[in-house]
Amino acid sequence: MWGKEFMAQGIEKVLVPEEEIKKRVQELGDRISKDYDGEEIVVICVLKGASIFFADLCRAITVHMKMDFMGISSYGDAQKTSGIVKITKDCDTSITGKHVLIVEDIMDSGYTLTYLVRMLKERQPASVKIACLLDKPSRREVEITPDYCGFTVPNEFVVGFGLDYKGLYRNLPYIGVLKPEVYAN
């Protein structure tokens, strides 16, 4: 009853197929590797949504790196950002003097990443850049853009490849648009 077919019933359409994601992640890894050639970077995964993208992207990057994780919340179970950012897990690696790459699943309003970038810059890294799988510029409420972006998507409720609705759908191997009746209740 709760298998693959059941999950797919909540999906209105596939927005970005699995093969396109794999290809784009490799392209991003190649570009990041070129940009940081000869450098060591600290790659920070924003939990939980970016975890799948993070794992694939890190395998596509060929420069020395340290990996770390941060838990940041501004949504809870809501569909829309609250605008209030809460750190639920801080990174363990010192980033002072290091090149930092934040890996995020989706950039929409921009509040979370603006807060995170400001907070990390206070720790005096050599640089801070952002890689996101998805960008929703139509929802941007603050001035911030990703340095590396997988796909620009329309203002639809997307899930899969790490993105969730109430903790579900993260394990879909593609990016799908959630049917409105799933989240309209």
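I took a salt bridge to be a side-chain nitrogen of Lys or Arg within 4 Å of a carboxyl oxygen of Asp or Glu. The model is predicted, so I kept local features to pLDDT of at least 70 and side-chain atom pairs to pLDDT 80 or more, while totals for chains, interfaces and linings use all residues. Residues are numbered from 1 along each chain as its sequence is written, and side-chain values use heavy atoms, with hydrogens and water left out.

**Entry 1: Asp68**

I looked up Asp68 and found it in strand β3, residues 64–73. Strands here are DSSP runs of E with at least two residues, helices are runs of H or I with at least four, and both are numbered from the N terminus. Is Asp68 buried or exposed? Asp68 is buried and has no salt bridge. I used buried for under 20% relative accessible area, exposed for over 50% and partly exposed for in between, with a 1.4 Å probe and protein chains only. The nearest side chain of opposite charge is Lys89, 4.0 Å away. For charge, Lys and Arg count as positive and Asp and Glu as negative, with His and the chain ends not counted.

I then checked what the Asp68 side chain does reach. It comes to 2.7 Å from the backbone nitrogen of Asp92 and to 2.6 Å from the backbone nitrogen of Thr93. A polar contact is a pair of N or O atoms within 3.5 Å; within protein, one must be able to donate a hydrogen and the other to accept it, and residues adjacent in sequence count only if both atoms are side-chain atoms. Beyond four places in sequence, the contacts of Asp68 (heavy atoms within 4.5 Å) include Val43, Phe54 and Cys91.

**Entry 2: Lys89**

I moved on to Lys89, in strand β4, residues 86–89. Lys89 is partly exposed, at a relative accessible area of 28%. Its side chain forms a salt bridge with Asp92 at 3.3 Å, N to O, and Asp92 counts as exposed at 67% relative accessibility. The Lys89 side chain also reaches the backbone oxygen of Phe69 at 3.3 Å. Not counting residues up to four places away, Lys89 touches Leu47, Asp68, Phe69, Met70 and Gly71.

**Entry 3: other salt bridges**

I counted eleven salt bridges. One of them joins Glu156 and Lys13 at 3.6 Å, N to O. Glu156 sits in the loop between β7 and β8, Lys13 in strand β1, and the two are 143 residues apart. Another joins Arg24 and Glu27 at 3.1 Å, N to O. These two are separated by about one helical turn because they are three residues apart in helix α2.

**Entry 4: nonpolar cores**

A nonpolar core is a set of buried Ala, Val, Leu, Ile, Met, Phe, Trp, Tyr and Cys residues joined through side-chain atoms within 4.5 Å. The largest has 30 residues, of which Ile32, Leu57, Leu133, Leu134 and Ile175 touch the most other members. Elements that each supply at least two residues of this core include α2, α3 and β6. A second, separate core of 21 residues includes Val42, Met70, Leu120 and Ile130.

**Entry 5: aromatic rings**

I found four aromatic pairs. Rings of Phe, Tyr and Trp (its six-membered ring) pair if their centres lie within 6.5 Å; planes under 30 degrees apart count as stacked, over 60 as edge-to-face and the rest as tilted. Phe157 and Tyr165 have ring centres 5.5 Å apart and planes at 85°, so the pair is edge-to-face. Both Phe157 and Tyr165 are buried. Ring pairs link these two and Tyr183 into a cluster.
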